[in-house]
Amino acid sequence: VGKEVRATLRQGRAIRFTDLRAPILVDRNQLVDIVYHHGTLVIRGEGRALRQGGSGERIRVMNLDSRIVISGRINERGQVEVRR
């Protein structure tokens, strides 16, 4: 419940857990909020998603200010959280 398939399913084929994913929250090339947490320090910025993903998935994002590509995990609000 609450999942979607990654690719087309064939009739008669068993559905494996790896065939499922969280619903897409971020599309490729979408502008996203980047959030960095370290203790009480919180830094926010804007980035462009380099691929689509759902909650809990790790994606690469280009920081629009520095043009540096970083990776982070998508949270349930569609933000990309970056950790050290």
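How many bridges join strand β4 to strand β9, and do the two run parallel or antiparallel? Three bridges join β4, residues 31–38, to β9, residues 80–82, and the two strands run parallel. Two strands count as paired if DSSP finds at least two bridges between them.

Before I continue, a word on the basis of these values. This is a predicted model, in which local features need pLDDT of at least 70 and side-chain atom pairs count only at pLDDT 80 or more, while totals for chains, interfaces and linings use all residues. Residues are numbered from 1 along each chain as its sequence is written, and side-chain values use heavy atoms, with hydrogens and water left out.

The chain has zero helices and nine strands. Here helices are DSSP runs of H or I with at least four residues, strands are runs of E with at least two, and both are numbered from the N terminus.

Let me turn to the barrel. Five strands close into it in the order β4-β5-β7-β8-β9, with mixed pairing. Within this sheet, neighbouring strands are turned by 50 degrees against each other on average, direction ignored; the axes are lines fitted to C-alpha atoms, and angles run from 0 to 180 degrees between N-to-C directions. Val35 stands opposite Glu81 in β9.

Next, the core. The largest nonpolar core has 10 residues: Val26, Val32, Ile34, Tyr36, Ala49, Ile59, Val61, Ile74, Val80 and Val82. Such a core is a set of buried Ala, Val, Leu, Ile, Met, Phe, Trp, Tyr and Cys residues joined through side-chain atoms within 4.5 Å. Buried means under 20% relative accessible area, exposed over 50%, and partly exposed in between, with a 1.4 Å probe and protein chains only. Two or more residues of this core come from each of β4, β7 (58–63) and β9, and β4 gives the most, with three.

Leaving aside neighbours within four places in sequence, Val26 is in contact with residues including Val32, Ala49, Ile59 and Ile74. Contact means heavy atoms within 4.5 Å.

Asp19 is buried, with a relative accessible area of 10%. Not counting residues up to four places away in sequence, Asp19 touches Glu4, Val5, Arg6, Leu9, Arg13 and Ala14.

Finally, the chain as a whole. Buried residues make up 27% of its 84 residues. Along the principal axes, the C-alpha trace spans about 50 × 25 × 20 Å.
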